[in-house]
Each structure stands twice: as structure tokens, then as C-alpha cells.
Amino acid sequence: MAPDAGLVEAMGPEPDTDPLARLLNEIDAVAGVRVGLGLTSVYQTPFDRGGDADDLLSFSYDLSGEWTLVNGSGPDRGNAGVLGWLLEGGRPIGRDRDSDLSADLGSALGINDDLDLESFENTELWWAQTLFDGRLVLTLGKIDQSAYLDANAVANDETTQFLATPLVNNIGIPFPDNGLGLNMFVDLGEGFSARFAFGDGDAVATQAGFSTFGERGNFFYASELGWSGRWSERFADQALFRGWGEGNVRVLGWVNETDNGDGLGIAGSVDQDLGHGVTPWFRFGIGDEDVVDFDLTLSGGVGLADPFGRPGDFVGFGGAWARPSDDAAREESLYEVFYRARLSDHLELTPALQVVANPADDPDEDVEFVFALRLQVTY
């Protein structure tokens with residue numbers, strides 16, 4: 001979650017009977033420090049290749065925090081200043097650190113966006129300052145630009161939603177690795193907002209960032225215009241929109257500087273709650289083939305909240321298609337369906353089925369089926 005989301009909205013701990021959760025809530029209440037803990041384990045196995053060697057079990061872990069050092073005014077902490085951080089890591093279990101089932105299957109799109117091949121590292125460290133009663137939020141430091149840009153209500157989190165990389169963010173956007181940069185959020189009113197981003201194009205998430213910033217003069221720039229709201233409120237007299245919930249529309253333009261030249265592109269993300277827990281979504285991306293791996297990308301699907309009357313459960317279906325910038329590579333498609341079952345306030349289990357069609361890096365295979373099982377613990 002982008003840090004400004006917690007700054008603009010009212011924040012407060014919810015009652016929880018879990019001892020660890022109560023402790024974390026108490027720390028927030030007394031010291032103004034919000035601490036989050038996460039542990040994710042993912043098991044994936046291809047249907048038709050057999051043998052334990054082709055299975056992959058991995059885990060990732062993270063420790064996040066937000067420390068309110070400058071208290072804002074009003075219940076929403078409208079002008080708060082917050083220091084935030086994220087420490088994370090992970091690796092495959094029982095296999096080499098560089099094991100990658102996506103590569104084994106020839107998928108250029110990627111079937112496990114949670115696979116983290118790094119040791120425990122400080123991957124984010126930023127200061128977020130709100131101004132003008134929350135209408136402007138400036139975030140500066142070592143940041144992950146994909147946490148702010150290209151958001152989507154259904155397809156944006158590999159630990160709770162889709163697992164495949166092209167269903168988490170738009171792979172047509174050349175997001176830099178976590179590094180030194182700036183992100184600015186502006187509330188334009190009437191549901192409209194704008195974002196402006198600047199970051200180190202040569203960043204390496206496991207480094208502090210000072211050694212790469214500006215070393216080769218490569219930077220990433222982006223601006224995004226968004227709208228969030230309810231069409232049923234804007235067009236109250238139209239029966240079509242009755243019962244619709246929150247909707248989001250985002251259009252983004254980017255410029256990426258690389259050693260091979262500069263390039264630009266556009267992308268968009270849409271999601272709309274149609275009522276009864278049904279939320280379709282869609283993304284597109286078009287970019288300069290000299291600076292992106294895929295110069296045209298399309299993805300979309302639908303999510304269903306609280307299926308079978310089970311609060312907290314979620315069903316998602318999505319698909320992605322991408323055209324490689326390399327004319328010699330095949331156009332690859334990837335599909336995923338998952339059911340996230342909430343077992344408790346802090347434990348979720350998600351079985352998923354993934355289908356890779358025409359894997360770009362394996363011309364001898366037409367279709368690959370993969371079963372995945374994800375276990376997520378969060379505080």
C-alpha cells in the first residue's frame with residue numbers, strides 16, 4: 001500500500017483478540033508506530049512435467065513500518081509527516097537460490113511475482129509529508145514506484161490477489177528497481193487526482209541507492225491522472241449505474257532513460273465494482289520497444305468478493321497477453337484463477353490454477369498448466 005493512502009484517510013487500530021495484534025496496536029497507540037508483519041509461502045507444480053525437481057516451494061517475509069513523527073491536525077492527520085520503511089527477503093526451499101519455475105517453463109511473463117531471491121534487505125526507506133489538509137502528499141526517499149502508480153482494486157498484490165507477474169502490475173511499464181526517487185500525489189477534487197514520479201533508472205533494491213543515482217544519467221519519469229468515485233452518484237438518474245460501487249480509472253504516461261537510449265509509453269488501469277461483490281478490471285500498455293521487454297500488453301479479468309456468503313473470501317480470474325519487443329520471440333498469454341479463503345483474521349490459504357499459452361522462451365511447448373498453493377500470514 002502506498003504510504004499516502006494511510007495518511008489521507010482516518011487511521012486507527014481495530015479490536016483484535018490475537019496477542020501479537022494487540023501488541024502491535026498498542027505500539028501504534030502509544031508511540032505512533034504502525035508495524036506490519038508478513039510471511040508468504042508458495043508451492044507451485046506443473047501438471048505435465050512430473051517429479052519433485054520441477055516443483056518449487058518458496059517463501060518470502062517482510063517487516064514494514066510507519067512512524068508518525070509530525071502529527072497532523074484533525075482526525076485524518078491531514079498534515080502528518082511519516083517515516084516509513086520496508087525490510088523483506090525470501091528464497092526457494094530445498095533448491096538453489098536462483099531457482100525459477102517461470103524460466104523452467106519458458107515463460108517470459110512470470111508465474112510467481114512473490115519469488116524473492118534476496119536475503120533480508122531494507123528495500124524501502126522514505127519520508128511522506130502531507131500538506132494543505134491532505135490535498136498534497138510528497139514522498140521522498142528509497143521507494144517502490146509501482147506501489148503508487150498503476151494501482152488496481154483486483155490485480156495489484158501478489159500476496160493476496162493474483163500470483164502471476166503480469167496480473168500484479170502492468171509489465172509494459174518499465175518500473176525501476178526500488179531506489180532513490182520522489183512521488184507526488186495531488187488531490188484535484190471531485191474524485192480526480194494526479195501523480196508525478198521521478199526515480200533512479202539504475203537503482204538496485206538491495207543497495208542504499210546513492211552509488212547508482214545519476215551515475216549514468218538514467219532516470220524514470222511518470223505522470224498519472226486518475227478518477228475514483230461512484231458513477232451512481234454522478235449519474236443518479238441513470239438506471240444503468242444503480243447499485244454500482246467504487247470505480248477507478250487511471251491513465252499513465254512514462255519516460256524511461258537507459259544506456260540503449262530513451263523511450264516513452266502510455267498505460268491505463270480500470271476497475272469497477274458492479275455490485276454484489278463483482279469487480280471487472282482491465283489494463284493496457286504501449287511502449288517503445290527499445291526500453292521495454294514487451295511493447296504491447298493487455299490484461300483483464302474479474303473478481304468476486306465474499307463468495308458463497310463467506311466474508312473475507314475472494315475469487316479472481318484474469319488473463320494477460322503480451323507482444324515481446326524482440327520480433328523473434330513468441331507472443332505469450334497467461335491465465336490464472338484463484339480462490340482466497342480466509343481462515344482467520346491473520347491467515348489465508350489460496351489455491352490457484354495457472355495456464356501459460358505459447359511460452360515465449362520455449363517454442364517447443366504450446367500450453368503449460370501449473371497448480372499453485374499460497375499460504376499468507378499477516379499482522
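A cavity is a set of points, on a 1 Å grid over the protein atoms alone, where a 1.4 Å probe fits but cannot get out; lining residues have an atom within 4 Å of a point. A volume is the space filled by probe spheres set on the points.

The model is predicted: local features need pLDDT of at least 70, side-chain atom pairs count only at pLDDT 80 or more, and totals for linings use all residues. Residues are numbered from 1 along each chain, and side-chain values use heavy atoms, without hydrogens and water.

The structure holds three cavities of 30 Å³ or more.

| Largest cavity | Value |
|---|---|
| Volume | about 60 Å³ |
| Nonpolar lining residues | six |
| Polar lining residues | four |
| Charged lining residues | one |

Its lining includes Pro166, Asn169, Arg283, Ser299 and Trp321. Strands β12 (294-305) and β13 each give two or more residues to this lining. Strands (E, at least two residues) and helices (H or I, at least four) are DSSP runs.

Now the packing. A nonpolar core joins buried (under 20% relative accessible area, 1.4 Å probe) Ala, Val, Leu, Ile, Met, Phe, Trp, Tyr and Cys residues through side-chain atoms within 4.5 Å. The largest core has 24 residues; Ile111, Phe162, Leu167, Trp281 and Leu334 have the most contacts inside it. β13 (314-324) is among the elements that give it two or more residues. The largest share, three residues, comes from β13.

Beyond four places in sequence, Leu167 is in contact (heavy atoms within 4.5 Å) with residues including Phe162, Trp281, Arg283, Ser299 and Ala320. A second, separate core of eleven residues includes Ile173, Trp254, Ala267 and Val292.

Key: Buried < 20%, exposed > 50% of the residue type's maximum accessible area, 1.4 Å probe, protein only. 1 Å grid on protein atoms, 1.4 Å probe; cavity = no way out; pocket = protein on both sides within 12 Å on 5 of 7 lines; lining within 4 Å. Nonpolar A, V, L, I, M, F, W, Y, C, P; charged D, E, K, R; others polar.
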